[in-house]
Protein chains: 2
Amino acid sequence: MEENQSTPIINHFSAILRFKDQIDSPFDFENNYEELIKLLDLNVVKKFAHEFDPIGKTIIYVLSESHLSIHTWPEYKLLHLDLVTCKFIDKDKVEDSIKQSFQDKELANLSLKKHDI
Amino acid sequence: MEENQSTPIINHFSAILRFKDQIDSPFDFENNYEELIKLLDLNVVKKFAHEFDPIGKTIIYVLSESHLSIHTWPEYKLLHLDLVTCKFIDKDKVEDSIKQSFQDKELANLSLKKHDI
């Protein structure tokens, strides 16, 4: 859909982050997620967490600019990050911010996509 | 990222639904969302809602297969739907299910995308 005057700005990114080391479960990357939100200058209005049995965790931040959700797959040492914002954010800025916010973890691979709406 | 034995199945869809008529605010499409979830044979584990001031509403369903989030922009008569699942779902099935679940509303336009991860 083309952006025009009758369409809001919707920026949509998703990323797969794969880690070198086994991810503990339950584990906690919340500091990393919150650092990412801070670096992207987004604002959390609500935060929800759900732990799956036996492993895996979903955290969803409702933002005043839409949402950030993260699902983890500890058995694959990876997480899927999904960001929808009504604020323009440059893809390079998202990539740099992810790297910076996860710098205390050993990333094996980061695959980031910007999606057309 | 290629899907392989060390990557979970992640199906990612997003859609913009634009309606013919003015959307009331606060308004309620929850029956439509829940019909969609049922048609796609997904399972809700938690549901969260947040109303924005002055208008706009975010509803997020944590699914046992990941998440469905919906943000509304009543001022544009549209909503953005974001579905991430760890279950394979055919794009045509998603499109048909959206049309069927919103059949009591007058859709002006549906733009559905399947995203690579």
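These legends walk you through several close-up views of a predicted two-chain model.

The model is predicted, so local features need pLDDT of at least 70, side-chain atom pairs count only at pLDDT 80 or more, and totals for chains, interfaces and linings use all residues. Residues are numbered from 1 along each chain as its sequence is written, chains are lettered from A and ligands numbered from 1 in the order in which they are written, and side-chain values use heavy atoms, with hydrogens and water left out.

**View 1. Chain A meets chain B.** Here 38 residues of chain A are in contact with 38 residues of chain B (contact means heavy atoms within 4.5 Å). About 3,200 Å² is buried between the two chains, and carbon and sulfur atoms give 67% of that area. Buried area is the accessible area, taken with a 1.4 Å probe, that two parts lose on being put together, summed over both. Between chain A and chain B there are twelve residue pairs in polar contact, both residues at pLDDT 80 or more. A polar contact is a pair of N or O atoms within 3.5 Å; within protein, one must be able to donate a hydrogen and the other to accept it, and residues adjacent in sequence count only if both atoms are side-chain atoms. The count of salt bridges between these chains is zero. On the side of chain A that touches chain B, you will find 17 nonpolar, 16 polar and five charged residues. Ala, Val, Leu, Ile, Met, Phe, Trp, Tyr, Cys and Pro count as nonpolar, Asp, Glu, Lys and Arg as charged, and the others, Gly among them, as polar.

**View 2. One chain laid on the other.**

**View 3. Around H71(B).** This histidine sits in strand β4 (residues 66-73) of chain B; strands (E, at least two residues) and helices (H or I, at least four) are DSSP runs, numbered from the N terminus. H71(B) is buried, with a relative accessible area of 2%. Buried means under 20%, exposed over 50%, and partly exposed in between, using a 1.4 Å probe and protein chains only. The side chain of H71(B) makes a polar contact of 2.6 Å with the side chain of H67(A), and another of 2.6 Å joins it to the side chain of T58(B).

**View 4. A salt bridge in a helix.** The side chains of E95(B) and K99(B) meet in a salt bridge at 3.2 Å, N to O. A salt bridge is a side-chain nitrogen of Lys or Arg within 4 Å of a carboxyl oxygen of Asp or Glu. Both residues lie in helix α2 (residues 91-101) of chain B, four residues apart, about one turn of the helix. E95(B) is partly exposed at 26%, and K99(B) is partly exposed at 43%.

**View 5. K57(A) with E51(A).** Their side chains form a salt bridge at 3.7 Å, N to O. K57(A) is buried, with a relative accessible area of 13%, whereas E51(A) is partly exposed at 47%.
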